[in-house]
Amino acid sequence: EGDKNTQGSYYTSTSIVNSMIGGINLENNAKFLDPCCGSGAFLLNVKVNDPSQLYGIEKNRIPAFIASVNLILKFKDFDFIPNIKCSDFLFDDELFGNEIFFDVIATNPPWGNKAKVVTKLFPSKESFSQFFVKSYLFLSPLGTLSFLFPESILNVKTHKDIREFIIN
């Protein structure tokens with residue numbers, strides 16, 4: 001709990017994952033991304049015909065490894081290498097090149113952490129805002145973003161910047 005709290009990293013329950021992405025059924029060429037996938041809760045609950053449609057990024061190597069193993073176990077009848085990358089989504093500029101866009105991006109980004117995040121993408125120091133803005137850059141024109149945000153995003157002055165980004 002201590003390290004997770006410091007990093008703002010909490011794993012998402014299956015009931016919350018299902019309420020966020022339960023109705024999503026990816027077409028054959030559609031791609032799904034979880035930019036902070038942990039052990040793969042969102043990836044394991046997306047309805048797909050082919051696991052190569054699923055992409056995950058996790059900066060900690062142990063959860064990234066677990067996500068890969070979880071996908072291999074779930075899709076044991078497929079011959080594939082999981083698209084799980086152990087990297088920092090916010091600071092890795094070489095994630096996919098310029099040619100991959102995603103039809104659905106869903107995640108529970110880290111939020112509430114004591115260390116503020118500063119990137120060139122967006123003026124906010126809140127990690128969930130940074131994840132949202134960078135994810136938006138990888139979204140297909142008719143794609144869907146599904147993020148779990150803290151309730152404070154609705155009315156706290158500090159979050160005015162991300163509210164305006166979303167509205168615009």
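Predicted model: local features only at pLDDT ≥ 70, side-chain atom pairs only at ≥ 80, totals over all residues.

Colleague: How are helices α5 and α6 oriented relative to each other, roughly parallel or roughly antiparallel?

Modeller: Helix α5 covers residues 127-137 and helix α6 covers residues 160-167. They pack at an angle of about 20 degrees, with their axes 10 Å apart. Angles under 35 degrees get one particular label, so α5 and α6 count as roughly parallel.

Colleague: And which hand does the crossing of α5 and α6 have, left or right?

Modeller: This one is about which way the near helix is turned from the far one. For α5 and α6, the crossing is left-handed.

Colleague: How many residues in the contact of α5 with α6 are nonpolar?

Modeller: On the α5 side you'll find Phe-128, Ser-129, Phe-132, Val-133 and Tyr-136, and they meet Ile-162, Phe-165 and Ile-166 in α6. One residue of this contact is polar and none is charged. The nonpolar count is seven.

Colleague: Now the pocket: how many charged residues line the second largest pocket?

Modeller: That pocket has a volume of about 200 Å³. Its lining includes Leu-90, Phe-91, Thr-119 and Lys-120. Five lining residues are nonpolar and one is polar, while the charged ones number three.

Key: Residues numbered from 1 in each chain as written. Heavy atoms only, no water. 1 Å grid on protein atoms, 1.4 Å probe; cavity = no way out; pocket = protein on both sides within 12 Å on 5 of 7 lines; lining within 4 Å. Points joined across faces, edges and corners; volume = space filled by probe spheres on them. Nonpolar A, V, L, I, M, F, W, Y, C, P; charged D, E, K, R; others polar. Axes fitted to C-alpha atoms, helices over the stretch in contact; angles between N-to-C directions. Helix = DSSP H or I, 4+ residues; strand = E, 2+ residues; numbered from the N terminus. Parallel < 35°, antiparallel > 145°, perpendicular 65-115°, else oblique. Contact = heavy atoms within 4.5 Å.
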